[in-house]
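Here is a short report for a reader who is new to this structure. Please look through the sequence and the model first.

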Amino acid sequence: MSNPLPKNWVEVPIGEIAHINPPLDRCLLDENTEITFLGMSSVLPEHRGISEPGLRPYREVSKGYTRFVEGDVLVAKITPCMENGKVVVAAPLTNTIGCGSTEFHVFRPRPGIDPGWISRFLWRSDIRHLAKTHMTGAVGQQRVPTAFFEDLTIPVPSTSEQRRIIPILDDTLAKIDEAEEALERVRCNLDRYRASVLKAACEGRLVPTEAELARQENRDYEPASELLKRILIARREAWEKAQLEAYAKKDKTPPKDWKSRYLEPQPPDTSDLPDLPEGWCWVSATQICAQVVDCHNKTAPYSGQGIPLIRTTNIRGGKIDLQQTKFVTETTYNHWSRRCPPEPGDILFTREAPMGEAGIIPDGARLCMGQRMMLLRASEGILNHYLLIALGSPDMMNHIFQNSIGTGVKHLRVRDVEGLPIPLPPFAEQQEIVLEVERIISVHGELERFVAVNRQRCHTLCQSILKHTFSGKLVPQDPADEPASELLERIRAQRRELEGGTTPRKRAVRRTKKSS
Amino acid sequence: MNVTASQIGNRVWNMAHVLKDDGLSYLAYVEQITYLLFLKMSHELTQKPYKRPVVVPAPYDWPTLSSKRGAALEKHYQETLENLSQKKGLLGIIFLKAKPEIQDPAKLHRLIHDLIEPHTWVSMTVDVKGAIYEELLSRTAKESPSGAGQYFTPRPVIDAMVAAMQPGPDDTICDPAAGTGGFLLSAHDYVVKHHPKLNPDQMRHVKDDLIFACELVPTTARLCAMNLHLHGIGGKSLPLLAGHDSLATKPDRTFSMVLANPPFGKKGSMMSLDDEGNLEREQQIPVRDDFWIGTSNKQFNFVQHIHTLLKTDGGRAGVVLPDNVLFEGGGGETLRRHLLKSCDVHTLLRLPTGIFYKPGVKANVLFFDKKPGSAKVQTKKLWVYDLRTNLHFTLKQKPITLGDFDDFLACYRPGALHKRKPTWSKDNPDGRWRSYDWAELEKRDKLDLDLTWLKDESIEDGSNLPEPDELADEMIQDLQNALELLTEVAQVVTKRPV
């Protein structure tokens, strides 16, 4: 407590202003009277208050639980409830008496002390950190002893000032809470926003269509259907070239009808698919990918270091995360990747556990494909970033869930992935879509960080306000207030009377410094 | 609104922007306009052809005010407001705790001479000036959702509720949390529109005794008074109790109808000390013998209060309430039990999100009729209309309209509740109108009335995802809300005391 307090405040041990764990009075309630029951779970951390208090007949709770009266302050003593700040004023209580967890200390405020003053002091996390260092007991059963709280000093103003401060403090904390709730809603909406943008992108609503632009600029354009034709021709030619090379290598002449062995990739089933904008057409993944390759169907042996192995857990939110990968040796890599070594720019797409996650292999990366995923290499004329967007869109997610099989874990078969329907725009439009989505996603990323930071700040702000309050800075001083020292004297005098002449234990009382 | 009216409306609103740059909030602007407009209209009424007796005393009337400039104007304006705030009746309500807020007397002069002086407001039809004022209120609410907005129930919700309740010329209608008077205005207009041929007694009743408003906050009461006054309601005495906390005392009269949207907002529950230093409960838990439960929850208390306000034989209510009233346990359960027993709670309308000025609100309308005391439970069947699941509105891009309630009103069958038919069935699980018998309700844990049955299409589905700009709009609103709240917090903290 290094800040100087206002001059008519005092700083005293809590034991002076509250009776901690007073002995129980004889209870005169009828055993069937219902009283409020506060279990530990009914008390929410810090200023969040009481949730769903129970109501029990007195006879059920008269023994084995802590008892308290309305206006007492309940303070959790055991870990982790104490650290979480489970401190609350026990009010309102049905029939003025309550029972609750034995892990509560009961602080009974002395006359002239508002229980809310004490509870709000303990909402301060720095005070609770201090309390934690004084915990005693076996591991897992650590508790803050009564003596710590009795000696802990607390700044105290006059009764009327307490009454002025508390509503303003509560109102301020409530506002911060509301602001935080608003930020939480923003966070949820950011997720929906991202999905909505991807959906709009794949439905031709994010940027002007090429068809529209061509009309406006009075020029021609290449519709996706033409682009597809070009791609399919190129695909066939590439196959034919590779076949001839293979025969030449083996010094064989190709048989007469070798060309007819070519398997034309199947277009998707468009019967259930919605209409696309002008210039777009539906294609299947195999039609527009030079490679659609399944992983090797055996788990690769891990090694301490080497080439990163990508597992389905490493693909999230449209990205491949290289932070926490396992590794494989060079030899393992060569064997596992023999079908088609993954190249930068290739898309890795999960078929299972969970399905539908995709990411692009970054430049310069050498990665090994793990289980339950496939590799998709976009053909010329297809932007891999556009394909990634299409694979991650809400419409695709929907399609995947409807077409997956399996009773336990849902998954896609290889042919399901080959046949995934992709909405394809003209090439120039793909480029515009990719640019716009990347721009929005980067802003989205900024916003996510912003929201997270400010939510954290809300917590910090609450604590800062509490400290501010107990330094006497929240509310202006009223010169008409009596000095707190007089309140303290009255309390001491009353205790002397009640305790029949025994003087209160002398404690170290830090007087406030006169502020300059 | 005809062309002239919207031109005037726009000019009024444009001045609001000008003064906003001077630091005047929209709400404060509306208040100042209210004072000036009232003074002008009071003056017009003393002239031909009305020649009514003078209400505003001479030193503070419109001609005197409009003759001044500069520092003299500023001083005189302040004196005028102070003096009139002490008066009784309508004058007193309009000027209750009135303070001058316009810093620059030149701008005040502009308001007086360019905006208010050129028009004869009294001769404008009720539609025109009433509409201008309503438009002003509605824009103010939009601009400050957590401030002024919380007093403004969206008009489509009000009009739908009134269309369901069908008030008539013999009703007495009360709104104990009147805000800017929207419910009462709409009810009054409905009666006038649907009952063009009334005898003189009925007409007098409709003019003077049909509606009754109660509003706690002086600023809002002021706006309510002006709103009613501009709509031609009430003569010299306005049926409005301003600055009065409805919940504090048991009402001394009952009404045949209550329409209300009690304030949303956190409850306050605090122990405090009386003068002797003894503990006492904060007044926020009203102590009333007509209440079933003692609670600091504002909405619960308004439900209890409204129950008392209703005439025992045939008193009807339509009340906007947040979700927690439907499902909260403890006191909430007790409240619902009592309500369902003593009233026929026949309809629950689940309102969509994105329609209130306060963001994030999830609310419903509960319609119930009070019945005479009986041992039997009065609620036999609760009809629920789900206007929430998979429906999405925003304040600016996709605002809700009265048309969006058409299906609900058709299902509601105003005046013929016994003819209702559900649209939901096993064969039509997407039907939004469905009934639950008392036997079914009674079995529900905590008598929870948070009833939903429609499949909430989640984000994976994507087919009901709002457009990106709608979502962006919502996020902006929430961020503005957060900004407003934190600004208020900052103001508390930076006022450095000694």
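## Cores and packing

B:Phe95 touches B:Tyr35, B:Phe38, B:Leu39, B:Leu81, B:Leu84, B:Ser85 and B:Arg222, leaving aside residues up to four places away in sequence. Touching, or contact, means heavy atoms within 4.5 Å. B:Phe95 is also one of the residues with the most contacts inside the largest nonpolar core, alongside B:Tyr29 and B:Leu351. That core has 103 residues. Helix α2 (residues 26–46) of chain B gives the most to this core, with 12 residues. Another core lies apart from it, with 61 residues, among them A:Met135, A:Ala182, A:Tyr193 and A:Phe470.

Some terms need their cut-offs. A nonpolar core is a set of buried Ala, Val, Leu, Ile, Met, Phe, Trp, Tyr and Cys residues joined through side-chain atoms within 4.5 Å. Buried means under 20% relative accessible area, exposed means over 50%, and partly exposed is in between (1.4 Å probe, protein chains only). Helices (H or I, at least four residues) and strands (E, at least two) are DSSP runs, numbered from the N terminus.

This is a predicted model: local features need pLDDT of at least 70, side-chain atom pairs count only at pLDDT 80 or more, and totals for chains, interfaces and linings use all residues. Residues are numbered from 1 along each chain as its sequence is written, chains are lettered from A and ligands numbered from 1 in the order in which they are written, and side-chain values use heavy atoms, with hydrogens and water left out.

## Chain A

Chain A has 16 helices and 21 strands. Of its 516 residues, 49% count as buried. Among contacts in chain A with a separation of 6 or more, 77% come from residues 24 or more positions apart.

How confident is the predictor in chain A? The mean pLDDT (the predictor's confidence in each residue, from 0 to 100) is 89, and 96% of the residues of chain A reach 70 or more. Over residues 508–516 the pLDDT is below 50, and this stretch has 20 contacts in the model beyond near neighbours in sequence. Where pLDDT is low, the predicted coordinates should not be read in detail.

Helix α7 (residues 159–202) of chain A has 44 residues. This helix reaches 65 Å from its first C-alpha to its last, close to the 64 Å expected at 1.5 Å a residue. The expected span is 1.5 Å times one less than the number of residues. Just after α7(A), A:Gly204 takes a positive phi of about 75 degrees.

Chain A also holds an open sheet of three strands, in the order β16-β13-β19, with mixed pairing. Two strands pair if DSSP finds at least two bridges between them. β16 (326–328) and β19 (368–369) of chain A stand at the edges, each with a single partner strand, so one side of each has no neighbour in the sheet. Strand β13 (residues 307–310) of chain A runs parallel to β19(A), joined by two bridges. A:Ile310 has A:Met369 as its bridge partner in β19(A).

## Chain B

Which strands does β2(B) pair with? Strand β1 (residues 173–175) of chain B pairs with β2(B) in the parallel sense over three bridges. β2(B) also pairs with strand β3 (residues 240–242) of chain B, again parallel and over three bridges. B:Ile173 has B:Ile211 as its bridge partner in β2(B). B:Cys214 has B:Leu241 as its partner in β3(B). Four of the five residues of β2 (residues 211–215) of chain B are buried, so this strand is largely enclosed by the rest of the structure.

B:Thr140 sits in helix α7 (residues 126–143) of chain B. B:Thr140 is buried, at 1% relative accessibility. Its side chain reaches the backbone oxygen of B:Leu136 at 2.7 Å.

## Backbone details

A:Glu46 has a positive phi of about 50 degrees although it is not a glycine. A:Glu46 lies in the loop between β3 (34–38) and β4 (54–57) of chain A, and is buried at 14% relative accessible area.

Methods
Polar contact = N/O pair within 3.5 Å; in protein donor to acceptor, adjacent residues only side chain to side chain.
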